[in-house]
Amino acid sequence: MRWKNLVGFIGVLGIVGSGIFPAAAETGETYELKNKFTAGEKIYLNLVVKDQGVSTEQTKTGPVDTAIDHTMEAVVSFQITNVEPAGWAEMQIGYESLMISGVMLSGGTQNLVDKFGLRDQPVFIKMNSRGEVDEMKSGGGPGSRLKEVMRSTTRQMPFLKCPAEPVPLGCTWREQQQIPYSAAARPMIANITYTLEKIEEEGGEKVAVIQSELQIDEQDVPVDSSRLGGNLDNIIVQFTFKEFKIQGGGQIRFSLDRGRILSVESKQEVLEHLTGSMDISQTSFDQDVIQKTSRTIHAVFTDQIPDSLKPDTEAKTSETTADPGKNDESGE
C-alpha cells in the first residue's frame, strides 16, 4: 500500500463532533429530534465507502497518473452499557470487521481488524440525547499508528447531533466537527449543515428525512506520523496537506420513535494535495501527489448481527433450513 493511498484511506471517515447551532426556520408544526438509549442494546453499523478517481504524482520525468478504485466495508458495533438517570449513556464501540479491497491492494482484499488487532481496541464514550460527547477513551494498551487513527472512524455514530428544541420542517442547523488526524499539527475542521426536509411513515414508525451538506477546506497543514508513537512496519510519514478539500451532500434517515439513525447516503468530491516524504527503514522517498476522487458512503444501522459475522456453520444451516416459498419473520 503506497503512502498516498494509506493517507487518503485514513481520512475516509472518522469525524468527531463539536457544537451545534440551530438556525431560524418557518413556523408550523414542530418535531423533536432526540436520541434515545436502552441499557444492553447493541447496534451494528454496516458501512461501505467507495472511492474512484485518479492520483497524479510529480516525478523527475513528469506527472504519472494512477487510478484510484477501492472499497472499504466495515462492521462496527455500538453497545449501550449503562444509562444514567440524567440521560447520559455509556457506550462501547468496536470494530467487528474492516475489509479493504481494490486497486490500492492490487485487486486483493484484506481484513485490517485481524491484521492490526483492532477487535481488542474498543472506544468508550458518554453521550446525551442531543448527541453531545462528554468523554472518550480507548481501551487496551498502546497500539500502532494505524490502530490509533482507525479507532477514530468508530465515531460515525448511530446517533444524531440534535437541535436543543423541537424544530419545524425546513429548519436548518449546523455543527463543526474535528477530523481526527492525530498526527496533524493543528485541528482540521469540517462544517456540516442539516436541514429537516420531511417526516415519513415507514413500517409504522415516524422517520425524519434530513438533508446534510459537508464542506472541508484546509490548507498547509503539516502531518507527522511519528507524533503517534508506536511503529508501523518501520514507516514514518511526514507530509503537508497543501490542500484538503471535501464537498458533498447526502440524506440521513432518523427514527423519531427509536431515537437513532437508520441509514446514511452521501456523495462527496475529494481533493488532496500532499507534499512530503515517507521513510522506510531510514530510507527516504520524497513525493508530491494530487488525489481527486469521487466518494460514495452507504451506512445502515441495525440491531441484528450482520450475516457476515455469523459463523459459517450457522449461515449454512440457515440456508438449508429456509423454506424458499415462505418469508421469514423479518419480512425480508
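**Entry 1: strand β5**

I started with strand β5, residues 89-102, and asked how many of its residues are buried. The count came to 11 of 14, so I noted the strand as mostly covered, taking buried as under 20% relative accessible area. I am working from a predicted model here.

**Entry 2: who pairs with β5**

Next I looked up the partners of β5. Strand β4, residues 62-83, runs antiparallel to β5, and 13 bridges join the two. β4 and β5 make a hairpin, with five residues between them. In that turn I found glycine 87 with a positive phi of about 105 degrees.

Strand β7, residues 123-127, also pairs with β5, antiparallel and over five bridges. There, methionine 91 sits opposite isoleucine 125 of β7. I then found strand β6, residues 109-111, which pairs with β5 through three bridges, again in the antiparallel sense. Methionine 99 faces asparagine 111 of β6 in that pairing.

**Entry 3: the nonpolar core**

Which residues have the most contacts inside the largest nonpolar core? I wrote down Leu33, Phe78, Met91, Leu160 and Ile210, in a core of 61 residues. As a reminder to myself, nonpolar side chains in soluble globular proteins tend to be buried together.

I then checked aspartate 220, which has a positive phi of about 55 degrees although it is not a glycine. Where does aspartate 220 lie? I found it in the loop between β12 (205-218) and β13 (221-224). Its relative accessible area is 43%, so I put aspartate 220 down as partly exposed.

Last, I looked at confidence. The chain has a mean pLDDT of 79, and 71% of its residues reach 70 or more. Residues 1-27 stay under 50, though the model gives them 92 contacts beyond four places in sequence. Residues 141-147 are also below 50, with 21 contacts beyond near neighbours in sequence. My note for later: where pLDDT is low, the predicted coordinates should not be read in detail.

How values were computed. Residues are numbered from 1 along each chain as its sequence is written. This is a predicted model: local features need pLDDT of at least 70, side-chain atom pairs count only at pLDDT 80 or more; totals for chains, interfaces and linings use all residues. Side-chain values use heavy atoms; hydrogens and water are left out. A nonpolar core is a set of buried Ala, Val, Leu, Ile, Met, Phe, Trp, Tyr and Cys residues joined through side-chain atoms within 4.5 Å. Buried means under 20% relative accessible area, exposed over 50%, partly exposed in between (1.4 Å probe, protein chains only). Helices (H or I, at least four residues) and strands (E, at least two) are DSSP runs, numbered from the N terminus. pLDDT is the predictor's confidence in each residue, from 0 to 100. Contact means heavy atoms within 4.5 Å. Two strands pair if DSSP finds at least two bridges between them.
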